Amino acid sequence: MQKSLHIDANKCTGCLQCEMACSYENHGVFNISKSRIKVFNFEHAGRKVPYTCTQCSEAWCMTACPVDAIRIDAGTGAKTVHEDICVGCKVCTIACPFGTVNYVAETGKVQKCDLCGGEPACADACPTGAITYVDADWTGLDKMRQWAGKTDTQPRATA
Amino acid sequence: MAWNRKILRVDLTKGTCKAEPLNMEWAQEYLGQRGLATKYFVEEVDPKVDPLSPENKLIMTTGPLTGTVASTGGRYSVVTKGALTGAIACSNSGGYFGSELKFSGWDMIIFEGKSPKPVYLSIEDDKAELKDAAHLWGKTVFQTEEIIKSSHQDTQIRVSSIGRSGENGVLFACVVNDLHRAAGRSGVGTVMGSKNLKAVAVRGKNGSGGALKDAKGFMAATKAAKKVLADNAVTGQGLPKYGTQVLMNVINEMGALPTRNHRDVQFEDARKISGEAMHEKRPTDGKTHLVTNAACFGCTIACGRISKIDESHFSVVNKPQYWGASGGLEYEAAWALGAANGVGDLEALQYVNVLCNEDGFDPITFGATVAAAMELYDLGILTKEQIGMEAPFGSAQALVELAQMTAQGIGFGKELGMGSARLCAKYGRPELSMGVKKQEFPAYDSRGIQGMGLGYATSNRGACHLRAYTVASEVLGIPVKTDPLVTEGKADLVKAFQDATSVFDSAGVCAFTTFAWSLADLQPQLDTACEGGWSMEKLALLGERIWNMERLFNNAAGFTAKDDDLPSRLKTEPAKTGPAKGLVNGIDKMRPEYYKARGWTPEGVPTKETLDRLGL
């Protein structure tokens, strides 16, 4: 089964445990400025929204890469950056419509979410279930269940 | 990383910023944050110093767990000699500023001297410099943060600043970070203002984590501790849902909700300003007051409240800048602005709370000072002409106008800016100030929760709930249930809470973890993060050492056993209603027991044996 990161912003409290986990998993340091997932705080609306790569099927970052450094991981379906091939041209950062591929000046390469090889650290660290790793074909299942619970609420006829 | 092992010394008089190695010997004896910064402070500052003179210093400090994945590991503290109290002050705040300071590579910043003109400190990793703040002076906290982010072209900068109240000398000004988190009490923002220091702006891309003592062990220890928080009814359910406001109805039922300047112990409108009320739909617009809960950095509890004020409420009509979501209400502020004044208008309380954040003044002391002013008005000592309005108990209109005047430093707001002790003394009724060491009580009446009276009286920073939160034991049964109506056993209870809290405040985590965590839950996190072998014994001794160090500073500053006392009202006017009806606080019985438990003389001075035992 292919799985996807699923984000429910309503459950996000803004604790940034996901950003800490991401930087620790991928860089071995606690450093949110190196995180591939970011939580945005819309102060005046009182909303906090985690955002990261959605692993597009038709991944423009991958298509745009002139050296074929972004490839599909056979196990997870993630589009992963091969640092040994990446030349840091940043074309992928322009091609991505969502801004989720970013340049890292320190390495001279780009980085993006690679689903941590199938065990995303952000989802594991999230204390509220705002970030989960679920069946890619059924990311809407929880939402369907919620709405299903709201239907057919008329009193039942009793015998 | 536990410690960055580097501190920043900022000489505001000369305008210089210098790096220094952290004193690692002291780090082994005082851990970090409250303990370690206070050690620096007492070593460097004369206890007799005038808090608002250039000779006073101000330290912004992190703990070893700040900026790590430990739950609630985002705390920082401001340590100085308090403008309101003249005692040692240490005010703790969450948000994201503390972790960012840690990420930038510093453990603490020591500010000394006084800048000849308004400045702010800009830190970008190793680079630290003072910048001109002429354009920020006179601006609110909200404006200051926006201007700094915009001029640095960096939305991810974290800012701690003072508002207009800190510039105007309001004696209970806060240092506010991330818009609505504050190092709130004792007037630490006033000290910052006296130094012409408007703000500190930090961006840390260095990160931390390179030198945890045992990284793998630390990840396991922090994960286990997070589970303890999640599984606990208070930290896992009550606080996320209702915030600290979960207490309003509970404390009122206990007859321990100070009302109308402590004349009463129960408030008839408590329900209207409670956490439950924040979840109810308003008749005016069909929306709930509460928008969402929120976490500070690293926090897996998320007790924070984010609310929206009813746009049709009189306080914000035609003021769209107050219609957005903002921080509040937390229990202490809801009580101080509400029950303490007899005001049962939730929307008015939140508006005033936002003003407190916007211009950086402590809602506890402000609310309690309004309560004292309302009593003086009720007694005919203060007149309508003097205040500039009618100010009876229960008037939301008066509360709102007085908050605006205090924020702007105009009219009677200037008198309120002194705090209740100086206000009541000025008008000949010093006994009507409800506080200890010139700092006002928080939201628990010590006639109904006896241990809190001893905690208030002996708190090193003046009346405070965060030095010994015996409410946990006396009300919630954490770690064991004790009878709130008796004095027996409270001396030992208060000492135990004071010592343990000193450790938590020095680690870089939030005091609220202690609803679920004991020292035994904190210990493995510290021991895997920090060099030096942090055993339970070492931590227990650490807490007691910090408490006595603070006490020695206060004694040298001129405080005596006489200052470890409660206002006469709590000792002579019995609670009128509720479970504590007929009771006064038994402070005079508890105090000698407490001194004995502490190993202090009957005059409240640590004995030589005690100091030797603690290595002081």
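Predicted model: local features only at pLDDT ≥ 70, side-chain atom pairs only at ≥ 80, totals over all residues.
User: Which residues form the salt bridge between chain A and chain B?
Analyst: A salt bridge is a side-chain nitrogen of Lys or Arg within 4 Å of a carboxyl oxygen of Asp or Glu, and the count between chain A and chain B is one. The closest N and O atoms of the pair are 3.2 Å apart, and the partners are Lys223(B) and Asp124(A).

User: How many residue pairs are in polar contact across the interface of chain A and chain B?
Analyst: A polar contact is a pair of N or O atoms within 3.5 Å; within protein, one must be able to donate a hydrogen and the other to accept it, and residues adjacent in sequence count only if both atoms are side-chain atoms. With both residues at pLDDT 80 or more, the number of such pairs across the interface of chain A and chain B is 10.

User: Where is His465(B) found, and which side chain does a polar contact of 3.5 Å join to it?
Analyst: Helices (H or I, at least four residues) and strands (E, at least two) are DSSP runs, numbered from the N terminus, and His465(B) lies in the loop between α18 (450-458) and α19 (471-474) of chain B. With a relative accessible area of 7%, His465(B) is buried, where buried means under 20% relative accessible area, exposed over 50%, and partly exposed in between (1.4 Å probe, protein chains only). Leaving out residues up to four places away in sequence, His465(B) touches residues including Ile364(B), Pro442(B) and Tyr456(B). The side chain joined to that of His465(B) by a polar contact of 3.5 Å belongs to Glu332(B).

User: How many residues apart are Asp264(B) and Lys576(B), which meet in a salt bridge?
Analyst: The side chains of Asp264(B) and Lys576(B) meet at 3.4 Å, N to O. Asp264(B) counts as buried at 18% relative accessibility, whereas Lys576(B) counts as partly exposed at 48%. Asp264(B) sits in the loop between α9 (247-253) and α10 (275-278) of chain B and Lys576(B) in the loop between α23 (568-572) and α24 (587-598) of chain B, so the pair links distant parts of the chain, and the separation is 312 residues.

User: Are Arg467(B) and Asp505(B) buried or exposed?
Analyst: Arg467(B) forms a salt bridge with Asp505(B), the closest N and O atoms being 3.7 Å apart. Because Arg467(B) lies in the loop between α18 and α19 of chain B and Asp505(B) in helix α20 (residues 490-507) of chain B, the pair ties together parts that are 38 residues apart in sequence. At relative accessible areas of 3% for Arg467(B) and 6% for Asp505(B), each residue counts as buried.

User: What separates Asp588(B) and Arg591(B) in helix α24 of chain B?
Analyst: The side chains of Asp588(B) and Arg591(B) meet in a salt bridge of 3.0 Å, N to O. Asp588(B) is partly exposed at 44% relative accessible area, while Arg591(B) counts as buried at 13%. Because they are three residues apart in helix α24 of chain B, the separation is about one helical turn.

User: Which residue takes a positive phi in the hairpin of β2(A) and β3(A)?
Analyst: Strands pair if DSSP finds at least two bridges between them, and strand β2 (residues 38-42) of chain A pairs with strand β3 (residues 47-51) of chain A in the antiparallel sense over five bridges. Lys38(A) has Tyr51(A) as its bridge partner in β3(A). The hairpin has four residues between the strands, and the one with a positive phi near 70° is Gly46(A).

Conventions:
Residues numbered from 1 in each chain as written. Chains lettered and ligands numbered in written order. Heavy atoms only, no water. Contact = heavy atoms within 4.5 Å.
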